[in-house]
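This report covers strand pairing and helix packing in the structure shown here.

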Amino acid sequence: METVGGTIVTPARRRFPVKALAWMAVSPFAVWAAARIGGLERGSLTTQLMTATPYAAAGSLVSLVVAMAARNRPAAAVALVTSAALGFSVLPRAFGTADTATGRPLKVLTVNMLFGRADTGAIMELVRRFDPDVLSTQELTPDAVGRLDAAGLKDLMPHRVLEDEYSAGGSGLYARYPLTRLDNVVPQRGHHMPVGLLALPGGRPVQVVNVHPYPPLGPLVHDWNAALSALPSASADPVRVLAGDFNASLDHAAMRELLGRGYKDAADEVGQGLVPTWPANKRIPPIITIDHVLVDSRVGVREVSVHTVQGTDHRAVFASLTVP
């Protein structure tokens with residue numbers, strides 16, 4: 001009998017590619033940060049995704065932990081820079097800045113009424129509680145105009161510039177003080193965006209622009225960009241306030257370009273810039289901030305608050321301001 005000999009060879013175990021996993025975790029956030037900082041969003045999908053930048057900033061911290069756990073130093077370095085870039089883009093909105101501007105008080109309330117379906121009683125409760133000088137309404141229908149007036153708005157805010165219609169395109173400005181319609185301030189770019197000159201007591205009148213561009217959905221993204229670009233820049237005269245549903249967050253390049261033309265976001269100024277305004281009254285809570293009050297650099301911001309109104313998918317924004 002012959003003895004059969006030989007060597008038993010055990011196959012080498014494949015190691016899990018933890019370093020590759022680190023890059024897989026870090027890369028999406030690095031690309032996001034580059035797009036956000038460079039204003040590189042293009043087309044409808046990336047424009048819509050950009051509203052989620054605050055959540056991407058939080059998620060980037062997870063990728064940093066993954067890269068460090070994998071002991072992948074290059075990936076960890078990229079993750080650290082990414083988290084810092086996204087953090088510096090987002091976190092200041094939660095803290096605000098000291099504002100000592102003095103002047104005449106101006107209170108502004110804005111609400112998108114969702115085809116006029118917003119609860120009339122809820123809007124009137126906000127009007128009576130905050131006593132705004134200006135109410136900026138989007139998606140204002142003729143029926144909604146009638147309901148608001150019947151509920152007492154006609155007596156509380158008798159002055160108005162209305163462009164109501166039975167669609168999402170209707171808008172209107174209501175005021176406690178005389179309000180003069182101004183034409184040809186904002187070129188027609190989709191939804192109506194009426195402009196009024198408010199005779200605020202104690203000084204020069206204030207120009208108020210009701211803002212409501214198309215949402216950046218599909219091919220409408222081009223109209224959305226054009227509408228934001230067409231909004232007037234801040235100027236020495238008059239003092240100007242932009243209030244409404246911008247369908248844009250502070251992470252959009254188009255919105256930052258508008259701010260760069262002499263404006264500041266009122267909520268951002270007082271540490272309320274991360275409070276979401278859409279979608280409201282849904283199974284999921286509001287997740288993005290697209291309703292704003294923008295003011296020029298001379299305007300002080302005392303307070304901003306956000307309020308849920310039944311019947312509409314947007315939350316109302318109230319801003320207490322001071323104007324020269």
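Strand β7 (residues 206-211) runs parallel to strand β8 (residues 239-245), the two being paired over six bridges. Val208 has Val241 of β8 opposite. Strands count as paired if DSSP finds at least two bridges between them; strands (E, at least two residues) and helices (H or I, at least four) are DSSP runs, numbered from the N terminus.

The model is predicted, with local features needing pLDDT of at least 70 and side-chain atom pairs pLDDT 80 or more, while totals for chains, interfaces and linings use all residues. Numbering starts from 1 along each chain as its sequence is written, and side-chain values use heavy atoms, without hydrogens and water.

β7 and β8 belong to an open sheet of six strands with mixed pairing, in the order β5-β6-β7-β8-β10-β9. Its edge strands, each pairing on one side only, are listed below.

| Edge strand | Residues |
|---|---|
| β5 | 179-182 |
| β9 | 263-265 |

From one strand to the next, the twist averages 25°.

Helix α7 (residues 220-230) has Val221, Trp224, Ala227, Leu228 and Ala230 buried (under 20% relative accessible area, 1.4 Å probe, protein chains only). Their cover includes α2 (43-49) and α8 (253-259).

Helices α5 (residues 120-130) and α6 (residues 142-156) pack at about 15°, axes 9 Å apart; angles run from 0 to 180 degrees between N-to-C directions of lines fitted to C-alpha atoms over the stretch in contact. α5 is therefore roughly parallel to α6 (under 35 degrees). The contact (heavy atoms within 4.5 Å) involves residues including Ile123 and Met124 of α5 and Leu148 and Ala151 of α6.

Notes:
Buried < 20%, exposed > 50% of the residue type's maximum accessible area, 1.4 Å probe, protein only. Parallel < 35°, antiparallel > 145°, perpendicular 65-115°, else oblique.
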